[in-house]
Amino acid sequence: MAMEDRKHIHDFVHRLWQSPELRARFEADAGAVLAEQGFAEAECALLLDGEFPALGELGMHPLAQMVYSLARNPQIADQISFGDYLEDLE
């Protein structure tokens, strides 16, 4: 997937991280928030899955995967570290 094709995904992750209101709405009804954002059905399914292989299939950058995971579930910080992503960045 070309970078231009992923821009809307990365822009959404940025907004999700920056906006407590959007994160709260996403936590309450992720499907509705994703539908508002205009994601394709396949993209929504992968974003709702939220596992790293699914996010990778979307072409999401590894650091964006980490931010998305933290925005969806702040407790995941106890299970992952930046080091987990270094291999993907090399």
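A residue is called buried when its relative accessible area is under 20%, exposed when it is over 50%, and partly exposed in between (1.4 Å probe, protein chains only). The model shown is predicted, so local features need pLDDT of at least 70 and side-chain atom pairs count only at pLDDT 80 or more, while totals for chains, interfaces and linings use all residues. Residues are numbered from 1 along each chain as its sequence is written, and side-chain values use heavy atoms, with hydrogens and water left out.

View 1. Helices (H or I, at least four residues) and strands (E, at least two) are DSSP runs, numbered from the N terminus. Read from that end, the order of elements is α-α-α-α-α-α-α. The protein has 90 residues, of which 37% count as buried. A contact means heavy atoms within 4.5 Å. Among contacts in the protein with a separation of 6 or more, 40% are between residues 24 or more positions apart.

**View 2. The largest nonpolar core has 20 residues.** Such a core is a set of buried Ala, Val, Leu, Ile, Met, Phe, Trp, Tyr and Cys residues joined through side-chain atoms within 4.5 Å. F12, F26, L47, M60 and Y68 have the most contacts inside this core. Two or more residues each come from α1, α2, α3, α4, α5 (52-57) and α6. Helix α1 gives the largest share, four residues. In soluble globular proteins, nonpolar side chains tend to be buried together.

**View 3. F12, F26, F39 and Y68 form one aromatic cluster.** Rings of Phe, Tyr and Trp (its six-membered ring) pair if their centres lie within 6.5 Å; planes under 30 degrees apart count as stacked, over 60 as edge-to-face and the rest as tilted. The whole structure holds three aromatic pairs. One of them joins F12 and F39 edge-to-face, at 5.4 Å centre to centre and 80° between the planes. F12 lies in helix α1 and F39 in the loop between α3 and α4, so this pair ties together parts that are 27 residues apart in sequence. F12 is buried, at 0% relative accessibility, and F39 is buried at 8%. The ring centres of F26 and Y68 are 6.0 Å apart with planes at 65°, so this pair is edge-to-face. Because F26 lies in helix α2 and Y68 in helix α6, the pair ties together parts 42 residues apart in sequence. F26 and Y68 are both buried. Leaving aside neighbours within four places in sequence, F26 contacts F12, L16, V33, L34, Y68 and R72.

**View 4. Three salt bridges are found in the whole structure.** A salt bridge is a side-chain nitrogen of Lys or Arg within 4 Å of a carboxyl oxygen of Asp or Glu. K7 and D11 meet in one of them, at 2.8 Å from N to O. Both residues lie in helix α1 (residues 3-18), four residues apart, about one turn of the helix. K7 is partly exposed, at 48% relative accessibility, and D11 is partly exposed at 31%. In helix α2 (residues 20-28), E21 and R25 are also four residues apart, about one turn of the helix, and their closest N and O atoms are 2.7 Å apart. R25 is partly exposed, with a relative accessible area of 30%. R25 also bridges to E36, with the closest N and O atoms 2.8 Å apart. This pair links distant parts of the chain, with R25 in helix α2 and E36 in helix α3 (residues 30-36), 11 residues apart. Through shared partners, E21, R25 and E36 join into one network.

**View 5. Helix α4 (residues 41-49) has buried residues E43, C44, L46 and L47.** Seen down the axis of α4, these residues fall within an arc of 165°, so they line one face of the helix; the arc is that of the directions from the helix axis to the C-beta atoms. The face turned away from the buried side carries the exposed residues E41 and A42. Just after α4, G50 takes a positive phi of about 70°.

**View 6. Helix α6 (residues 62-72) is mostly covered, with eight of its 11 residues buried.** The buried residues are P62, A64, Q65, M66, Y68, S69, L70 and A71. S69 has 5% relative accessibility. Not counting residues up to four places away in sequence, S69 touches G50, F52, L55 and I76.
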